[in-house]
Structure formats: C-alpha cells, structure tokens
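Welcome! Please take a moment to look over the sequence and the 3D view below, and then read on for a short tour.

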Amino acid sequence: MCQPGFGGTAASDPLYGYFAAVAGQDGQISADELQNCLTQSGISGSYKPFSLETCRLMISMLDRDMSGTMGFAEFKELSQSLNQWKTVFVSYDQDRSGTVEGHELQKAIASFGYSLSPQALNIIMKRYSLNGRITFDEFLSCCIRLRILTDQFRRRDTAQSGRASFQYDEFIQVTMSS
C-alpha cells in the first residue's frame with residue numbers, strides 16, 4: 001500500500017518503499033498507478049478517490065523531464081504538496097461538508113499567496129464547482145492548475161512586472177499541460 005508522507009534520502013526514506021512498490025521495475029509512476037496508490041493511501045479521507053484527470057495534473061505539475069510519469073523526487077514533492085493542500089482544504093471546509101464554497105475557496109487560494117480578481121474567482125467557481133460547492137478532488141485540480149499556470153507565467157515575467165509574453169504555441173502548451 002502506498003502512503004504519502006515525509007522522509008530523508010531515497011533509500012533510507014520510508015516513503016521510498018511505498019514508491020518502489022507502486023512504481024515497479026521502471027521506477028516511474030504513471031497516472032493510473034498514482035490514482036491507485038493515492039486511493040489506497042487514504043489521503044482523500046472520506047472524500048471521493050481522485051479522478052484520473054487530477055492524477056494526470058499532479059504528474060504534469062512536477063514532470064520536469066516531460067516523461068508523463070513521476071520519479072521518486074517528484075513523488076516526494078507531490079506528497080508534501082498533497083499534505084499541505086489537504087490541511088488547507090480541511091481548515092476552510094468550516095461546515096465539514098467535504099466541500100468548500102466560494103468564500104471559503106477565496107480564503108484558501110489567498111492562503112497560498114494568490115491574489116485573484118473577483119472575475120477570476122468567478123471563472124474558477126464556474127469551472128470547478130457543482131451547485132456552488134467544490135469537492136476535494138476539484139480543489140486539488142484547481143490548486144494544481146493555479147500552480148502550473150503561475151509558475152509558467154513567472155518564468156516569462158522576467159521583469160516581475162505582472163506581464164509576460166507568450167508565443168501562441170507556448171500559450172497552448174502551457175494551458176493544455178495544466
């Protein structure tokens with residue numbers, strides 16, 4: 001069984017044993033292997049298991065070698081991010097419904113350092129909510145996309161002016177990978 005957590009170097013890291021069992025001989029975790037691992041781990045708690053799309057996003061967020069899979073270092077970083085996102089989600093799910101509403105989502109996003117306009121938050125709510133509520137799986141998808149898009153934007157905003165320049169093909173690559 002795979003159990004995300006924290007640890008030291010690869011071989012001595014307790015997380016490595018779980019990673020190796022899931023990754024198999026190729027030493028990489030695919031989206032469907034990640035989905036099975038995370039479902040077994042119980043990280044989603046009483047929430048629904050993660051969708052395959054969310055697992056693909058998780059890999060995409062950390063896939064520096066563009067392999068479409070995740071090595072141990074990436075898996076460990078994901079584990080830490082998942083724990084952080086779950087802690088934030090639980091803290092803003094004030095009514096313990098297993099969902100967050102718009103005002104709770106706004107506070108959660110702000111806690112990660114994002115300052116979004118009401119219009120941007122409205123688009124996020126339309127994209128990720130059902131009846132004004134966002135599940136944990138959709139919350140993760142939203143957080144991952146925000147992180148990917150923000151990282152890509154910051155790489156291109158070299159003057160840190162809040163403006164970035166993208167070629168059309170780069171724009172498609174960035175938005176389609178998130």
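## An exposed glutamine

Gln160 is exposed, and its relative accessible area is 71%. In this predicted model, Gln160 lies in the loop that runs between helix 7 and helix 8 (168-176). Its backbone is worth a look too: Gln160 has a positive phi of about 50°, although the residue is not a glycine.

## An arginine with a positive phi

Next, find Arg96 in the loop between helix 4 and strand 1 (99-101). Arg96 is not a glycine, yet it has a positive phi of about 55°. Is Arg96 buried or exposed? With a relative accessible area of 56%, Arg96 counts as exposed, because the cut-off for that word is over 50%.

## The nonpolar core

Now turn to the largest nonpolar core, which has 43 residues. Leu34, Met58 and Phe139 are the residues with the most contacts inside this core. At least two core residues come from each of these elements: helix 1 (14-23), helix 2 (31-41), helix 3 (52-62), helix 4 (72-92), helix 5 (102-111), helix 6 (118-128) and helix 7 (136-156). Helix 7 gives the largest share of the core, with eight residues.

As general background, nonpolar side chains in soluble globular proteins tend to be buried together.

## Around Leu34

Which residues does Leu34 touch, leaving aside those up to four places away in sequence? Its partners are Ile29, Cys55, Met58, Ile59, Met70, Phe75 and Leu78. One of these, Met58, is also listed with Leu34 among the residues with the most contacts inside the core.

Methods: Residues numbered from 1 in each chain as written. Predicted model: local features only at pLDDT ≥ 70, side-chain atom pairs only at ≥ 80, totals over all residues. Heavy atoms only, no water. Core = buried A, V, L, I, M, F, W, Y, C linked by side-chain atoms within 4.5 Å. Buried < 20%, exposed > 50% of the residue type's maximum accessible area, 1.4 Å probe, protein only. Helix = DSSP H or I, 4+ residues; strand = E, 2+ residues; numbered from the N terminus. Contact = heavy atoms within 4.5 Å.
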